[in-house]
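I opened a new model today and kept notes as I went. Here is what I looked up, entry by entry.

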Amino acid sequence: MSSSVTDQLVDANRQYASGFTDPGMDARPTRKVAIVACMDARLDLHSALGLDLGDCHTIRNAGGVVTDDIIRSLTISQRALGTTSVVLIHHTGCGLEKLTEDFRTELELEVGQKPSWAVESFTDLDQDVRQSMNRVRRSPFLLHTDDVRGFVFDVTTGLLREVPAVSPSPCR
Ligand SMILES: [Zn+2]
């Protein structure tokens with residue numbers, strides 16, 4: 001009988017735990033950084049950013065969009081668990097680039113109600129990163145909004161590209 005993917009994960013966990021020793025850490029990330037990223041399966045945050053166990057908070061959703069729930073997590077991250085820096089990571093080839101807000105209407109037609117959330121689809125990746133940075137910087141709940149930086153991860157090269165906070169002047 002073939003095992004389900006969840007069964008495979010549980011098996012893998014037994015392997016993991018067999019070599020695991022208590023790292024003796026508390027819950028406060030040692031590098032005091034919270035990373036907000038897309039859930040994309042091609043983005044391995046720990047490998048891509050040289051992160052180790054206990055270094056950071058990773059907060060992920062579809063698109064790495066700064067929603068109220070992301071602000072909730074960031075607020076807890078900063079106020080209860082001592083992080084001071086925020087890194088936002090979106091990426092090339094994101095599934096949200098292929099969606100529009102019509103997705104909500106289609107859902108409504110299918111199931112009879114519109115979701116309360118926005119799809120947060122986008123067409124301009126850099127603009128979407130800037131919008132996310134602005135939402136973090138403007139949040140009244142956060143203690144630390146001076147070290148907020150945004151990046152695009154290229155899923156074909158593995159490289160990060162930083163997105164400047166302010167949109168370049170159209171007059172140039
Ligand atoms: Zn994505």
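**Entry 1: ground rules.** I am working with a predicted model, where local features need pLDDT of at least 70, side-chain atom pairs count only at pLDDT 80 or more, and totals for chains, interfaces and linings use all residues. I number residues from 1 along each chain as its sequence is written.

**Entry 2: overview.** I began with the secondary structure. I take helices (H or I, at least four residues) and strands (E, at least two) as DSSP runs, numbered from the N terminus. The protein chain has five helices and five strands. Read from the N terminus, their order is α-β-α-β-α-β-α-α-β-β. I then boxed the C-alpha atoms along the principal axes and got roughly 60 × 45 × 35 Å.

Next I checked burial. I call a residue buried if 20 or more other C-beta atoms lie within 10 Å of its own, exposed if 12 or fewer, and partly exposed in between, with C-beta atoms placed from the backbone. Of the 172 residues of the protein chain, 24% count as buried.

I also looked at contacts (two residues whose C-beta atoms, placed from the backbone, lie within 7 Å). Among contacts with a separation of 6 or more, 65% join residues 24 or more positions apart.

**Entry 3: strand E3.** Which strands pair with E3? I count two strands as paired if DSSP finds at least two bridges between them. Strand E1 (residues 33–38) runs parallel to E3, and five bridges join them. Strand E4 (residues 148–153) also runs parallel to E3, with six bridges. I followed Val 87 across the pairing. Val 87 of E3 stands opposite Ile 35. Val 87 also stands opposite Arg 149 in E4. Five of the seven residues of E3 (residues 85–91) are buried, so E3 is largely enclosed by the rest of the structure.

**Entry 4: the core.** I searched for nonpolar cores, meaning sets of buried Ala, Val, Leu, Ile, Met, Phe, Trp, Tyr and Cys residues joined through C-beta atoms within 7 Å. The largest has 27 residues, and those with the most contacts inside it include Ala 34, Leu 74 and Val 136. E1, strand E2 (56–61), helix H3 (68–79), E3, helix H5 (125–137) and E4 each supply at least two of its residues. E1 gives the most, with five. I picked out Leu 74. Beyond four places in sequence, Leu 74 touches Ala 34, Ile 59, Val 86, Val 136 and Leu 142.

**Entry 5: the annotated site.** I checked the UniProt record. Its unreviewed entry marks Cys 38, Asp 40, His 91 and Cys 94 as "binding site". These residues span 57 residues in sequence, yet no two of their C-alpha atoms are more than 8.4 Å apart, so they gather at one spot. I note that such annotations may be inferred rather than shown by experiment.

Cys 94 sits in the loop between E3 and helix H4 (102–111). Cys 94 is buried too, with 23 such atoms. Leaving aside neighbours within four places in sequence, Cys 94 is in contact with Cys 38, Asp 40 and Gly 63.

**Entry 6: Arg 42.** I ended in the loop between E1 and helix H2 (45–49), where Arg 42 lies. Arg 42 has 13 C-beta neighbours inside 10 Å, so it counts as partly exposed.
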